Amino acid sequence: MIKANSKIIKDIIQALENVKNNIPLTHCITNYVTINDCANAVLAIGGSPMMADDPEEVEEFVEIADTLVINIGKMSQSQIEAMIIGSKHGMETNTPVVLDPVAVGVTELRNNLVLKLINESKIGVIRGNMSEIKAIARLVELDEILSLNKAKSKGVDVSEDDEITKANLNDNGTIVKALAKKLNIIIIASGAIDIISNGTTTYACENGDPIMPKITGSGCMLTSIIGAFCGVNDPFIGGLAGTTIMGIAGEIAGQEVKKENSGTGTFRSKLVDYLYKIDEQTIEEKIRLYKLE
Ligand SMILES: Nc1ncnc2c1ncn2[C@@H]1O[C@H](COP(=O)(O)OP(=O)(O)OP(=O)(O)O)[C@@H](O)[C@H]1O
Ligand SMILES: Cc1ncsc1CCO
Ligand SMILES: [Mg+2]
């Protein structure tokens, strides 16, 4: 376990301070299922969310934004057009682009869109559950995955066979790292244990609570706050900060919900509360982060 006074944890704390001080304008083209949760998560962490998806105005928004989040959870043809225009303009304006490839691997439409975004623009970070990350690894024919059996897809949620556990952590870490290296993109696979890699260095984060996947959008919220972090931080540090801070907030909120015997509705509110309240001392006390080989 990495010690609280180590450089990487100081960097994570500094990343949070940078968000609070600079209030990154976080433009999100995202699904209407969880759009309000994403906007509130970005506000709670200290960013400024802007949610709009008309292709006619997306370039103007990217122009003023510090960062662009693209979430393909519930697309329409016009949203797809906005995502393509937005990510290309992100590349032209050096605006970091963070992609949430919801349910990639399930339909051809999603596969083609994700490949197009990866190939024709500059994506900085991809954050998905392990089913989604493996699906992308298959789409780009990553050697490390070609020999593995494909788990049955389960829509927007991770399939049981793909869940990250202690037993498969090293194998999944190898896939995440190899994909990050091949694409030159920060790859974050979330789950009971989160894996974060830049292709050279790979971390695992054990924070979180099993109640987190029982509300819709904890993944979408995570990607949105990673977007905010990347607006004012290096994308690897931003990805690490967003992932660990979301895990810690979810863990504290989950423990409170259990103690007071309430449920997922209360958890959803408490998660936003703890994203808002998290500070240096809480991060130092609670973070459970370590390096993988
Ligand atoms: N079993 C678990 N135990 C602890 N934390 C978890 C667990 N499952 C997910 N999480 C946490 O929940 C958050 C969302 O991750 P998850 O992998 O569920 O995203 P997702 O499948 O994309 O979600 P969605 O599509 O509903 O937004 C992450 O912060 C992750 O660490
Ligand atoms: C439930 C759901 N359906 C499309 S997007 C979404 C939010 C979680 O990804
Ligand atoms: Mg998701």
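**Ligand 1.** I started with the shell around ligand 1, which splits into 10 nonpolar, 11 polar and three charged residues. My classes: Ala, Val, Leu, Ile, Met, Phe, Trp, Tyr, Cys and Pro are nonpolar, Asp, Glu, Lys and Arg are charged, and the others, Gly among them, are polar. A residue is near a ligand if its C-beta atom, placed from the backbone, lies within 6 Å of it. Of the 24 residues there, Asn129, Ser190, Gly208, Met212 and Gly219 come nearest.

**What I'm looking at.** This is a predicted model, where local features need pLDDT of at least 70, side-chain atom pairs count only at pLDDT 80 or more, and totals for chains, interfaces and linings use all residues. Residues are numbered from 1 along each chain as its sequence is written, while chains are lettered from A and ligands numbered from 1 in the order in which they are written.

**Who supplies the shell?** Which element gives the most to the shell around ligand 1? I found α9, with four residues. β5 (125-129), α9 (218-231) and α10 each supply at least two. Helices (H or I, at least four residues) and strands (E, at least two) are DSSP runs, numbered from the N terminus.

**Ligand 2.** I looked up its surroundings and found, among them, Asn31, Lys74, Val102, Thr216 and Cys220. That shell has four nonpolar, six polar and one charged residues.

**α1 against α10.** The axes of α1 (residues 7-22) and α10 (residues 235-259) come within 9 Å and cross at roughly 90°. The two helices are therefore roughly perpendicular to each other (65 to 115 degrees counts as that). Axes here are lines fitted to C-alpha atoms over the stretch in contact, with angles from 0 to 180 degrees between N-to-C directions. On the α1 side I noted Asp11, Ile12, Ala15 and Leu16, and on the α10 side, residues including Ile237, Leu240 and Ile245. In contact means C-beta atoms, placed from the backbone, within 7 Å.

**Core.** Ile70, Ile187, Ile225 and Ala249 touch the most other members of the largest nonpolar core, which has 91 residues. Such a core is a set of buried Ala, Val, Leu, Ile, Met, Phe, Trp, Tyr and Cys residues joined through C-beta atoms within 7 Å. Buried takes 20 or more other C-beta atoms within 10 Å of a residue's own, exposed 12 or fewer, and partly exposed is in between.

Most residues other than glycine have a negative phi. Asparagine 94 has a positive one, near 60°, and sits in the loop between α4 (77-92) and β4 (97-100). Asparagine 94 is exposed, with 7 other C-beta atoms within 10 Å.

Definitions and conventions:
Angles under 35 degrees count as roughly parallel, over 145 as roughly antiparallel, 65 to 115 as roughly perpendicular and the rest as oblique. Two residues are in contact if their C-beta atoms, placed from the backbone, lie within 7 Å.
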